[in-house]
Amino acid sequence: MLKAAAQKFISLLPFTQQTNQLLQKYVTKRTSITDVFFTDKLIHVQKHLQYFFKYSNLKNEFTTLELGTGRYPIIPICMYLSGANKIYSVDINDMTSADKIKQTIIRINKSYEDGVLQQYITVDKSRLTKLNDLLVIDNEQQFNDAFHSLGFLFLLEDINKSKIEMHSIDLLHSNNTFEHIAPNDLKHMMTTFKLLLKPSGLMSHFIDMTDHFSHFDKSISVFNYLKYSPKKWQLIDNNILPQNRLRITDFRNLFEQNNFEVLIEENNNGPIAELQAMHIDTAFKHYTEKDLLVCHSYMVVRQKN
């Protein structure tokens, strides 16, 4: 509740994201690429590519779009190393920088030298060399221009207002992003996604349906936020890291209602004892226990013919 109150307060300040990033850098010290974070991203990109190559005839020179850039573009860079020739990444918050991109390249290169990266993706060594060549560029603008010349385009904008060429995307993916988007905005995005994707294009999404405050406070359950009514949750939630509390059936319905078919759905459940011990608000009573138990889901979808 203290963290919720702090984030709520910060969300009311001007320059909200900048203030939050400064606090994370100097107070909570949570802005580095941790081993857990890095490995998690490698698992994600491995899954994205595994099923993209399974359902697509493309093995290289494909176009990807990531929803939610974040600070460290591990997955876009891995897409480049795996053969993508145009890599978009879109976010409404400006969280990355030339310095963070360099940190990401250094970490990826170390992972390659340690033989770890190759366990997750097939690495084009010549492309890794091109990335490493960027590290000697000190001028930020020159670095950004050189990075862009490799096929990267990071956009700071609302995806629904993007000027990305229609029907140009082979693989659209997100990583722990859908759970932070308001339901009405998600519905609008589905229309945009259909316009951006090629007819043969694939979407691949990791969705985290846990109470994100439980990541910080280990004394509460991953289901903790299900005990709050919508009105109470509105008081707790904030626009720094909003949580829509949608469940797996909501995401299935979202895709189905927008003419997408689910090809792959891999779910991980939370502890059933924790759920059964939790007082669940009446707003969630229409869900089955089986649906409420799902904490993480990996979903691969494509447009129906």
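## The second largest pocket

H5, H7 and strand S3 (152-156) each supply at least two residues of the lining of the second largest pocket, in what is a predicted model. Among these elements S3 gives the most to that lining, with five residues. The lining comprises 18 residues, and those that lie nearest the centre of the pocket are Asp 94, Thr 96, Ile 101, Asn 144 and Phe 154.

The space in this second largest pocket comes to about 340 Å³. Sorted by class, its lining has nine nonpolar, six polar and three charged residues.

## The nonpolar cores

The largest nonpolar core has 41 residues, of which Ile 77, Leu 81, Leu 131 and Leu 134 touch the most other members. At least two residues of this core come from each of helix H3 (35-55), helix H4 (74-81), helix H5 (98-113), helix H6 (125-133) and helix H7 (140-149), and likewise from each of strand S5 (197-208), strand S6 (260-269) and strand S7 (294-303). The largest share of the core, seven residues, is that of H4.

Leu 134 can be followed in more detail: once its neighbours within four places in sequence are left aside, this residue is in contact with Lys 102, Ile 105, Phe 143, Ala 146, Phe 147 and Leu 150.

In one of them the side chains of Arg 252 and Asp 291 meet, with an N to O distance of 3.7 Å. This pair links distant parts of the chain, since Arg 252 is in helix H11 (residues 248-257) and Asp 291 is in helix H13 (residues 289-293), 39 residues apart. Arg 252 counts as partly exposed because its relative accessibility is 28%, whereas Asp 291, at 12% relative accessibility, counts as buried. Arg 252 and Asp 291 also belong, together with Glu 265, to a network of salt bridges.

Another salt bridge joins Glu 261 to Arg 302, their closest N and O atoms being 3.2 Å apart. Glu 261 lies in strand S6 and Arg 302 in strand S7, so this pair ties together parts of the chain that are 41 residues apart in sequence. Glu 261, at 27% relative accessibility, counts as partly exposed, and Arg 302, at 30%, also counts as partly exposed.

## A salt bridge at Lys 110

Lys 110 forms a salt bridge with Asp 114, in which the closest N and O atoms are 2.8 Å apart. With a relative accessibility of 46%, Lys 110 counts as partly exposed.

Although its side chain belongs to the charged class, Arg 107 counts as buried, because its relative accessibility of 19% falls under the 20% cut-off.

With its neighbours within four places in sequence left aside, Arg 107 is in contact with Ile 33, Thr 34, Asp 35 and Phe 38. Lys 54, by comparison, is 53 residues from Arg 107 in sequence and 28 Å from Arg 107 in space, C-alpha to C-alpha.

Key. Residues numbered from 1 in each chain as written. Predicted model: local features only at pLDDT ≥ 70, side-chain atom pairs only at ≥ 80, totals over all residues. Heavy atoms only, no water. Core = buried A, V, L, I, M, F, W, Y, C linked by side-chain atoms within 4.5 Å. Buried < 20%, exposed > 50% of the residue type's maximum accessible area, 1.4 Å probe, protein only. Helix = DSSP H or I, 4+ residues; strand = E, 2+ residues; numbered from the N terminus. Contact = heavy atoms within 4.5 Å. 1 Å grid on protein atoms, 1.4 Å probe; cavity = no way out; pocket = protein on both sides within 12 Å on 5 of 7 lines; lining within 4 Å. Points joined across faces, edges and corners; volume = space filled by probe spheres on them. Salt bridge = Lys/Arg side-chain N within 4 Å of Asp/Glu carboxyl O.
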